[in-house]
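Biologist: I have a structure open and would like to learn how to read it. Could we take it one feature at a time?

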Amino acid sequence: MGARSCASDVGSGASGIGWDGMRRRFPSPTGSAETFVTSTEIIAAARRRLADDVWAYLVGGAETETTLARDRDAFDRIALRQRVLTGIETTDVAADAFGRRSRLPVILSSIGSLDQLHPDGIEGAAKAAEAFGVPIAVSSVLKDGLVRGARAAPSGIRWFQLYIDGDATWATAAADRAEAAGYQALVVTVDLPVMGLRERPPSPDLPRFERPDGRHRARLSWDDLGALVRRTPLPVVIKGITAAEDAARACEIGAAGIWVSTHGGRQLDQGLGALDCLPEVSASVDGRARIILDGGVRRGTDVIKAIALGADLVAIGRLYGFGLAAAGQFGVERILTLLEEEIRTTLVLLGVGCLAALGPHMLRAAHPAYPAQDPLHRAFPHLAVLLEQASATAAESGAITR
Ligand SMILES: Cc1cc2nc3c(=O)[nH]c(=O)nc-3n(C[C@H](O)[C@H](O)[C@H](O)COP(=O)(O)O)c2cc1C
């Protein structure tokens, strides 16, 4: 894929970044003292707020967590190639989401345990997506999630994520309910025929938020999915594709979207990182469907790398989970605002006027800059300092911080 041109600039206005590049502190609408100038601050606040077992459930992956680490490694092994004196000073960062305009090429991915992260729960996440103007995929694991997501964000860009837990009649009825509730796409997750083995302490017995029905999920076939695609008027996105052959099958059965994902490293261990699977999937799809990617996306630069390698849209999971845990709806909106700043700033620094102009010619192979650290700290190198400061303050005051 080579460079594409920027046909028009339908960007969403000012970047919110000052000429000096400094990020501003915005007051929280709830009147709280927290303002969160960086995502690092949000993650540190999330860690303070969450109990140890919920934190472990959110950040952890399957078995050795090698796939989880590779989701991140895949981004850290790519460097951006800059061009200068291009005259670019504004950027168009809007994207198409099955006919709806998304302010960023970013989706809030399906998370089944949002209600455990903050009292705002799925309502907070859906409202943040609606207020900011990006899609949210509402997880079918959430109790009454379909109805709650629709009520919370009636005019938002909403997709419904489905695990197939029944026969063809069951699946069609679920798709019909999603359509009736105003969802604009159906996301069928196919990488969880059984639950991945998650061992992270303190509670290795934690599969309490996602409960697979092994019978239907493990027996699901391409024919079943094809039948569902034919029956529902909604565009169907297949989530959890990492191989070219599966991407081709998904296109053949009429999928409107292919979602490249390792389930955030929570299912198959010892796999490739999602971004490393993107080139083969993108070549196989060859424009027949929209491509979405998630797994390890923590920064605006990650979004740009994924789009340069062929993704149309990029989803975030844990990143907005941290936002929700830190400050509910406001925290998710802050994560999106910071991501937008990062994407806009990086595009201007790269000399790129719009997302369509991104391509592999802007990337080079590189060594990870922080090889000795775990993936979360590699994406947020100042997190350790904030966490140390927080525990020192807590120790001094004798306060219980979580
Ligand atoms: C706590 C948690 C719960 C999740 N629940 C679901 C779910 O219910 N359905 C689903 O399709 N994916 C689920 N996922 C996977 C995410 O949709 C997404 O693929 C993954 O989080 C992306 O990786 P990232 O967290 O590194 O961004 C979950 C992920 C996490 C971290």
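Modeller: We will go from the whole protein to its strands, its helices, some loops and the ligand. Keep in mind that this is a predicted model.

Biologist: How many helices and strands are there in the protein?

Modeller: The protein has 15 helices and 12 strands. Its chain has 402 residues, and buried residues make up 50% of them. Among contacts between residues at least 6 apart in sequence, 73% join residues at least 24 apart.

Biologist: How do I read a strand?

Modeller: Start with the side chains. In a regular strand they alternate between the two faces of the sheet. Take strand 9, residues 257-260: Gly-257 and Trp-259 point one way, while Ile-258 and Val-260 point the other way.

Biologist: Are these residues of strand 9 buried or exposed?

Modeller: All of them are buried. Strand 5 can be read in this manner too: Ile-136 and Val-138 point one way, Ala-137 and Ser-139 the other way, and all are buried.

Biologist: Which strand pairs with strand 8?

Modeller: Strand 8, residues 236-241, pairs with strand 9 in the parallel sense, over 4 bridges.

Biologist: How do I read a helix?

Modeller: An α-helix has 3.6 residues a turn, so residues three or four places apart point the same way. In helix 11 the buried residues include Ala-274, Leu-278, Val-281 and Val-285. The buried residues of helix 11 pack against helix 3, strand 8, helix 10, strand 9, strand 10 and helix 12.

Biologist: What span should the 12 residues of helix 11 have?

Modeller: At 1.5 Å a residue, helix 11 should span 16 Å, and its end C-alpha atoms are 16 Å apart, which agrees. The count of steps is one less than the number of residues.

Biologist: Could we look at one residue of helix 11?

Modeller: Take Leu-278, which lies in helix 11. A residue is buried if 20 or more other C-beta atoms lie within 10 Å of its own. Leu-278 has 23, so it is buried. Its contacts, not counting residues up to four places away in sequence, are Val-260, Leu-293, Ala-306, Leu-309, Gly-310 and Ala-311. Leu-278 and Leu-293 are 15 residues apart in sequence but 7.6 Å apart in space, C-alpha to C-alpha.

Biologist: How many residues of helix 15 are buried?

Modeller: Of the 15 residues of helix 15 (residues 383-397), the number buried is 1, so this helix lies largely in the open.

Biologist: What should I check in the loops?

Modeller: Most residues other than glycine have a negative phi. Asp-144 is not a glycine, yet its phi is positive, about 55°. Asp-144 sits in the loop between strand 5 and helix 6. With 9 other C-beta atoms within 10 Å, Asp-144 is exposed. His-263 also has a positive phi, about 60°, and lies in the loop between strand 9 and helix 11. His-263 has 28 other C-beta atoms within 10 Å and is buried. Asp-286, which follows helix 11, has a positive phi near 50°.

Biologist: Which residues come nearest to the ligand?

Modeller: Of the 26 residues around the ligand, Gly-112, Ser-139, Gly-264, Gly-317 and Arg-318 come nearest. Helix 2 (52-59) and helix 13 (318-350) are the elements that give two or more residues to this shell. By type, the shell divides into 7 nonpolar, 13 polar and 6 charged residues.

Definitions and conventions
Residues numbered from 1 in each chain as written. Predicted model: local features only at pLDDT ≥ 70, side-chain atom pairs only at ≥ 80, totals over all residues. Near = placed C-beta within 6 Å. Nonpolar A, V, L, I, M, F, W, Y, C, P; charged D, E, K, R; others polar. Buried ≥ 20, exposed ≤ 12 C-beta atoms within 10 Å, placed from the backbone. Pairing = 2+ DSSP bridges. Contact = placed C-beta atoms within 7 Å.
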